Structure formats: C-alpha cells, structure tokens
Amino acid sequence: MSRAEIKWVTEPDDYECTLSEETQAIAKEELREDKNTRDQALASIREWIMQNPKILNCRLDARFLLRFLRFKKFSVLQAQEAIQRYILLRQTFGIAFNHLDIRIPMMQDLTDLGYLFAVPKRDKLGRRIIIARPGVFDLEQFTNADMCRIHGVVYETLMEDEDNQVRGFVHIADGQGVGFAYLTLFTIKEAVRIVKNGEKTLPMRHKDVHVINVHPSMKFAVDFGLSLISEKIRKRVHFYTNLDEFLKADLVDKELMPKEYGGTIPMSEMIASFKKELFDANPTLLSHDKMEANEDLFSHQAKIGAVSALKRTGTNCGSEGDSIYGITGNFRKLEVD
C-alpha cells in the first residue's frame, strides 16, 4: 500500500477553536499559540507524518496533534520528535499505552477504590486536579501492569480535553499506607526508564505536585524519584507531613477536594463522576491501538527505551513484548543501560 492509500486513525480536520478568550490568552502568553502559528504548525506536522516512513499510522486530527504542539510550546521540530517517540513507545511499552480499556475489571476496581481520579471542578487557574492514592493498591490483587494501564487510561482521557492541554494539571499524591513492599513493584532501573520516558513523552503540563503523608522510611525512595525528574518539575513539588499541614498551606482550594480531604463532596461521588468521563473517552482511547511505528527503522536502544538513546536522539520507549501478560511490555523484562 502506498502512503497515499493509508487509512489514517483520524483524517485531517478543519480546526475551529472552542477555547474561551481567557484560555486563548494563556495559550498565547505561555505557549506562543495563535491562529496563524497553529494553522502553520498543524499543516507542517501533518505533512511530516504523512511522509515519515517511521510512522505507519497516526491520528491526524487537530486535537491530538495540538497535545504535542502545546506541550512543546509550538516548536514544530520538538513536537515531531515527541509524536514519533509516543507512537514507538505505544508498541514497545505497551502495558501503559495499548488496550487502555476502562471496561477491564482491574481498571474498574482501581477506579472504584479511588487509586487515581480527577476531581470534577477546576481550580482558580482552570487546572484539573488529579488525586493519586497508591496506598489502596493491593499488591496481592493487582500487578505493575495494572498500575501502568490505569495511569494510561486516566492520563489519555484527560489529555483529550483542550483546556487541560493549555492550562495543565495539579497532582495530589497521598502516601498513606505506602510502605517498603511497594518498592518491589519495579526495579530501580525500571523506575528510571518509566519516569524519564513519562516526563519526556506524555504531553502533559504538570503545574504543581503536592505530596501528603509520606512515611519517613520512604524518604530515600522519594529523594531518588526527585533526582529523576527535571529541575523545572522538581521546583513545583511540595511535601506535607499530614493532611492538616496541606490544608493549612492553602495552595489548593479545599472546597475542590473530596470530603475526606477537607471538601464537601464525598470521594465516592467524585469517582463516579470521573468514571463517566473515562467511559465516554473509551472509544477514542481504543482507537489509538491502530497507531503504528515501523520498528525496523529504530535502534534497539530506542525501542527498549534506554536513557542513553533518549539523550542522543530524543526517541524513547519501554520494554519489548512478553507473553506472560499476553500483551507487550512486561516491566520485569526491561533491560536498562
């Protein structure tokens, strides 16, 4: 099949901006986005994708491509590199990116437990607040594959929203109940690869991170994690000994939080609302499995997501296929340089 005959996951569309004037002003100031820049960048990226032998299939609609352009502040070259990394990563780091189906029982169980969800209302800066509660992750019931997939489901759903692409996210992580045993989920080398690839490849604007209830015994693990992220993100991380200390800091409007965290709406109601978002986005997320890269044109180091390959070429991913899970990407099989 010639490239002209390819049936793309989505075809190019005529973009109509639905962002509010306020959000458009933020996009202009922070991301250098205006109509002229956007139109030229979209045309350039679409042409590049359609002629790029490394990309066999991809979404070509504006909402998807704008994820990467906004993430890279409309540097077309950097956005192209990020898209290429993203598509390759989907194949070689499949557990976190392929078959992101909220209908899978483990995904519904983790959602119902409140492992990872976004609160319904935006903060005063228009950002979505994502709450992570790793302490509810039962190591006997769930695997590291389940952990990675639920993050993929949640993040991909939220990235579909253009306001989120522009305004970004606030993360709140509650370390209550997380102990030393959780460190067995991933090896140190696996953690390095996941964090490095995650920050460089997922087109999410992380604006603030608040961490509550970290047990002193986990300090070394937290310090190690901080060493893996960029200085820009590291400066946005805030730590609190307990919930009271977090609420007194008043950096997040407590009225937006679940009732169990100082707000008024019960967590169960917030989770039910967010679960509907996940189900609504499900067809789009599953369509991503049609995206494809030509792995033969990438180095072995790039395909396994080696940090050295990331530094040299800007192309990164995760693991290779593994039949244990029946899908690509068993983290236990990662080889890290």
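How many helices and strands does the secondary structure of the protein come to? In this predicted model, the secondary structure comprises 15 helices and 9 strands. Of the 337 residues of the protein, 52% count as buried, and residues 24 or more positions apart account for 76% of the contacts with a separation of 6 or more.

View 1. Helix α1, which spans residues 21-31, has Thr-23, Ile-26, Ala-27 and Leu-31 as its buried residues. Seen down the axis of α1, these buried residues fall within an arc of 100 degrees, so they line one face of the helix. An α-helix has 3.6 residues a turn, so residues three or four places apart point the same way. On the other side of α1, Glu-21, Glu-22 and Glu-29 are exposed. The cover over the buried residues of α1 includes helix α3 and helix α8, the latter formed by residues 162-167. Just after α1, Arg-32 adopts a positive phi of about 65 degrees.

**View 2. The packing of helix α2 against helix α3.** Two packed helices are described by the angle between their axes and the distance between the axes. For α2 (residues 35-51) and α3 (residues 62-71), the angle is about 100 degrees and the axes lie 10 Å apart. Because angles of 65 to 115 degrees count as roughly perpendicular, α2 is described as roughly perpendicular to α3. The contact brings Arg-38, Ala-41, Leu-42, Ile-45, Arg-46 and Ile-49 of α2 together with Ala-62, Leu-65, Leu-66 and Leu-69 of α3. Sorted by class, this contact of α2 with α3 has 8 nonpolar residues, 2 charged residues and no polar ones.

View 3. An open sheet is formed by 5 strands in the order β2-β3-β4-β5-β6, and their pairing is mixed. Strands β2 (116-118) and β6 (237-240) are the edge strands, each of which pairs on one side only. With direction ignored, neighbouring strands of this sheet are turned by 15 degrees against each other on average. Helix α7, made up of residues 144-159, packs on the sheet and touches β2, β3 (128-132) and β4 (169-174), while the direction of α7 makes about 15 degrees with that of β2.

**View 4. The pairing of strand β5 with strand β6.** Strand β5, which covers residues 206-212, runs parallel to β6 and is joined to β6 by 4 bridges. Within this pairing, Val-211 stands opposite Phe-239 of β6.

Methods: Residues numbered from 1 in each chain as written. Predicted model: local features only at pLDDT ≥ 70, side-chain atom pairs only at ≥ 80, totals over all residues. Heavy atoms only, no water. Axes fitted to C-alpha atoms, helices over the stretch in contact; angles between N-to-C directions. Helix = DSSP H or I, 4+ residues; strand = E, 2+ residues; numbered from the N terminus. Parallel < 35°, antiparallel > 145°, perpendicular 65-115°, else oblique. Contact = heavy atoms within 4.5 Å. Nonpolar A, V, L, I, M, F, W, Y, C, P; charged D, E, K, R; others polar. Pairing = 2+ DSSP bridges. Buried < 20%, exposed > 50% of the residue type's maximum accessible area, 1.4 Å probe, protein only. Arc of directions from axis to C-beta.
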